[in-house]
Amino acid sequence: HPGYGFLSENAAFSEKVEAAGIVFIGPLASAITAMGEKTRARRVMKDAGVPIVPGTVEAVQNPDEAVAIAEEIGFPVMIKAAAGGGGKGLRLIRAGEDVRAAVRRASSEAEKAFGDGSVYIEKYVNQPRHIEFQILADTHGNVLHLNERECSVQRRHQKIIEETPSPFLAPEVRSRMAEAAIAAARAVRYRGAGTIEFLVDAEQNFYFLEMNTRLQVEHPITEMVHRVDLVHEMIRIAQGEAISFSQADVQPRGSSIECRIYAEDPEHDFMPSPGLVSYLREPSGPNVRIDSGVEEGSEVSLFYDPMVAKLCVWGATREQAIARMQRALSEYRVGGITTNIPFLQALLAHPEFRAGNYDTTFIDRHWDELALQTSASDLRNAAIAAAVARHLRGRIAENLGGNRNDVRETNAWRLVGRFRRLHHLFRL
């Protein structure tokens with residue numbers, strides 16, 4: 001099983017596995033190839049009748065051609081790497097004079113990240129939401145969906161909070177997107193678990209973005225809402241068995257949220273924070289799931305993705321799921337590295353997120369408020385630590401002032417009421 005790392009979408013690896021007589025628990029190499037190159041994927045989806053964002057279905061040949069295409073489509077436009085995703089080789093262009101430099105930079109970045117500097121152009125979707133559909137397909141002709149995941153809370157074009165169901169989609173739009181996702185899977189004779197990603201505008205028009213021919217990092221929230229083990233189904237399908245349930249059996253319940261825990265510093269443009277994990281206490285409890293990649297003493301390297309864990313919760317309602325996630329994050333303790341946990345807490349507390357009013361520009365638009373809440377959280381923790389240290393120091397001084405062989409509390413016991421000591425702290 002390739003998981004969801006580098007080997008999960010490598011057609012050459014899939015072919016070598018199959019050639020060695022080993023079953024690759026995933027799609028055929030032909031499907032990986034068809035969907036791995038973004039311009040080819042756009043052509044396939046267009047032919048299958050799946051809506052695509054207006055733009056090119058071939059890589060641009062040079063900066064001059066890019067200028068002409070961008071002016072024809074109309075600004076703003078996106079320059080995108082044809083061979084990959086994750087925010088690499090991606091540029092938003094709002095004016096013609098920026099196109100040439102953006103194409104060169106995006107191409108260079110794509111070459112370094114994917115070994116292929118090809119880029120293409122598509123129209124920028126205003127106030128876009130990133131919504132993806134989970135699909136399963138077997139070798140018996142069955143293709144079904146397990147509804148959507150909302151992945152619009154992003155930094156640097158990478159997801160940090162996902163939830164299901166989306167608080168945004170109207171039921172009829174959800175139904176049409178599900179049909180499009182199934183059509184996309186059938187167009188490439190898909191096998192196993194995969195994800196069809198869409199951009200959705202403010203009017204709920206949707207457009208094919210890409211297909212991830214693998215298990216997604218955020219797959220646990222689909223499992224929690226649908227009570228399905230996606231990896232188990234992938235193994236069954238690879239063994240030649242049919243999917244163990246039908247589309248009519250897909251009945252979601254409640255709401256689930258995932259927060260990606262990163263070793264990074266939000267206050268410094270989310271720069272990675274490598275180092276040794278000196279202390280770790282992970283949250284637990286009913287309907288809390290954590291998939292962790294570290295333990296105490298682990299080294300978080302600078303050379304790999306800084307995600308250290310996925311924290312997932314389920315609730316009977318969205319409000320309950322948010323409350324459970326806030327509780328879980330408040331119990332999460334990591335020492336030795338800087339994490340995005342305070343920032344995630346600020347995101348979940350923001351009234352616009354709680355109301356479901358967000359898109360992929362949410363963090364940029366509300367950065368000042370979020371950064372202020374994050375700083376306030378850090379300051380509060382520091383104040384608590386300082387107050388506790390001062391209190392303990394006072395107790396030690398009082399006890400040592402008496403008989404050293406009779407160290408006792410002399411000021412905290414009360415017959416009734418509660419003992420309190422006030423510490424006045426000042427921020428310099």
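Which residue forms a salt bridge with Glu233? The partner is Arg236, and the closest N and O atoms of the pair are 3.8 Å apart. A salt bridge here is a side-chain nitrogen of Lys or Arg within 4 Å of a carboxyl oxygen of Asp or Glu. Both residues sit in helix H8 (residues 230-238), three residues apart, or about one turn of the helix. An α-helix has 3.6 residues a turn, so residues three or four places apart point the same way. Glu233 counts as buried because its relative accessible area is 4%, and Arg236 is buried too, at 18%. For the record, buried means under 20% relative accessible area, exposed means over 50%, and partly exposed is in between (1.4 Å probe, protein chains only).

A word on where these values come from. This is a predicted model, in which local features need pLDDT of at least 70 and side-chain atom pairs count only at pLDDT 80 or more, while totals for chains, interfaces and linings use all residues. Residues are numbered from 1 along each chain as its sequence is written, and side-chain values use heavy atoms, with hydrogens and water left out.

Now for the overall picture. The chain has 428 residues, and 47% of them count as buried. Along its principal axes, the C-alpha trace spans about 85 × 55 × 45 Å. The chain holds 13 helices and 17 strands; these are DSSP runs numbered from the N terminus, with helices (H or I) of at least four residues and strands (E) of at least two. Take the contacts (heavy atoms within 4.5 Å) between residues at least 6 apart in sequence: 65% of them join residues at least 24 apart. The accessible surface comes to about 20,900 Å², and 52% of that belongs to carbon and sulfur atoms. Accessible areas come from the Shrake-Rupley method with a 1.4 Å probe, and for residues only the protein chains shown count as cover.

Back to charges. Side chains of opposite charge can pair when their charged atoms come close. The salt bridge count comes to 26. One of them pairs Glu18 with Arg191, with the closest N and O atoms 3.5 Å apart. This pair ties together distant parts of the chain: Glu18 is in helix H1, Arg191 is in the loop between H6 and strand E7 (192-200), and 173 residues separate the two. Glu18 is partly exposed because its relative accessible area is 34%, whereas Arg191 counts as buried at 14%. Another salt bridge brings together the side chains of Glu258 and Arg260 (3.8 Å, N to O), and both of these residues are buried. Glu258 and Arg260 also belong to a network of salt bridges, along with Glu132, Arg149, Lys159, Glu162, Glu197 and Glu218.

Next comes a pair of helices. H2 (residues 29-36) and H3 (residues 38-47) pack at an angle of about 100°, with their axes 5 Å apart. Axes are lines fitted to C-alpha atoms, for helices over the stretch in contact, and angles run from 0 to 180 degrees between N-to-C directions. The two helices are therefore roughly perpendicular to each other, a label that covers 65 to 115 degrees (under 35 is roughly parallel, over 145 roughly antiparallel, and the rest oblique). On the H2 side, the contact is made by Thr33, Ala34, Met35 and Gly36, and on the H3 side by Lys38, Arg40, Ala41, Val44 and Met45. Buried residues in H2 are Ala29, Ala31, Ile32, Ala34 and Met35, and their cover includes H1, H3 and strand E8 (206-212).

Most residues other than glycine have a negative phi, and most peptide bonds are trans. Phe75 and Pro76, however, are joined by a cis peptide bond with omega about 0°, and Pro76 is in the loop between helix H4 (63-73) and strand E1 (77-81). The bond from Thr164 to Pro165 is cis too, with omega near 0°. Pro165 falls in the loop between strand E6 (158-164) and helix H6 (171-187). Asn147, which is not a glycine, has a positive phi of about 60° and lies in strand E5 (residues 143-155).
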